Amino acid sequence: MEPLLGVKIGCLFSLLVLTLVCGLFPVCFKWFQTATATGRHRRVLSLLSCTSAGIFLGAGFMHMTAEALEGIESEIQKLVIQHKQ
């Protein structure tokens, strides 16, 4: 195995472990359970949930926008070529 491939596999594995640990970390704490949340505590959890949802939606839309712009650009070039003829 090449050294660079080993480094890439190591980074991939470490990112997987880090993501799982950070993602499951809040499960260990009672503060993050919504069943026991009341008042301000419930509002804070709601705000955190909405923020994380916005981040995921924004990332998804940014990903789709790049692909859509490529498609639009190629279609515009086709139209420009058609109008020149």
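The paragraphs below describe the fold, the annotated spans, the surface and a few selected residues.

**Overall form**

The model is predicted. Its secondary structure consists of 2 helices and 0 strands. Helix α1 covers residues 3-24 and helix α2 covers residues 40-84, with a loop between them.

How does the radius of gyration relate to that of a compact globule of 85 residues? The protein has 23 Å, whereas such a globule would have a value near 12 Å. Along the principal axes, the C-alpha atoms fill a box of roughly 70 × 50 × 10 Å. Of the 85 residues, 4% count as buried. The accessible surface amounts to about 7,800 Å², and carbon and sulfur atoms account for 72% of that area.

**Annotated spans**

An unreviewed UniProt entry carries the annotation "transmembrane region" for residues 12-32 and 44-64. In the model, the span 44-64 is 100% helix and 0% strand.

**A nonpolar patch**

Which residues make the nonpolar surface patch? They are Phe 13, Leu 16, Val 17, Leu 20, Val 21, Leu 24 and Val 27, and the patch has an area of about 680 Å². Val 27, one of these residues, sits in the loop between α1 and α2. Val 27 counts as exposed because its relative accessibility is 59%, and the cut-off for exposed is over 50%.

**The salt bridge**

How many salt bridges does the structure hold? There is 1, and it joins Glu 75 to Lys 78. The closest N and O atoms of this pair are 3.5 Å apart, which is within the 4 Å required of a salt bridge. Both residues belong to helix α2 and are 3 residues apart, so about one helical turn separates them. Glu 75 is partly exposed, with a relative accessibility of 43%. Lys 78 is likewise partly exposed, at 45%.

**Cysteines**

The count of disulfides is 0. For Cys 11, the nearest cysteine sulfur is that of Cys 22, at 16 Å. Cys 11 is therefore in no disulfide, since the two sulfur atoms of a disulfide must lie within 2.5 Å. Cys 11 is partly exposed at 40% relative accessibility, while Cys 50 reaches 52% and counts as exposed.

**Residues of helix α1**

Val 7 has its place in helix α1. Its relative accessibility of 49% puts Val 7 in the partly exposed class. Val 7 and Cys 22 are 15 residues apart in sequence, and their C-alpha atoms are 22 Å apart in space.

Gly 23 also lies in helix α1. With a relative accessible area of 49%, Gly 23 is partly exposed. Between Gly 23 and Thr 51 there are 28 residues of separation along the chain, and the distance between their C-alpha atoms is 15 Å.

**Accessibility of selected residues**

The table gathers the values for residues discussed above.

| Residue | Relative accessibility | Class |
|---|---|---|
| Val 7 | 49% | partly exposed |
| Cys 11 | 40% | partly exposed |
| Gly 23 | 49% | partly exposed |
| Val 27 | 59% | exposed |
| Cys 50 | 52% | exposed |
| Glu 75 | 43% | partly exposed |
| Lys 78 | 45% | partly exposed |

Notes
Residues are numbered from 1 along each chain as its sequence is written. This is a predicted model: local features need pLDDT of at least 70, side-chain atom pairs count only at pLDDT 80 or more; totals for chains, interfaces and linings use all residues. Side-chain values use heavy atoms; hydrogens and water are left out. UniProt positions are given in the numbering used here, feature names are shortened, and annotations may be inferred rather than shown by experiment. Helices (H or I, at least four residues) and strands (E, at least two) are DSSP runs, numbered from the N terminus. Patches are made of residues with over 30% relative accessible area and no salt bridge: like charges are joined within 9 Å, nonpolar side chains (Val, Leu, Ile, Met, Phe, Trp, Tyr) within 5 Å. Accessible areas come from the Shrake-Rupley method with a 1.4 Å probe; for residues, only the protein chains shown count as cover. A salt bridge is a side-chain nitrogen of Lys or Arg within 4 Å of a carboxyl oxygen of Asp or Glu. Buried means under 20% relative accessible area, exposed over 50%, partly exposed in between (1.4 Å probe, protein chains only). The radius of gyration is taken over C-alpha atoms; the globule rule is 2.2 Å times the number of residues to the power 0.38.
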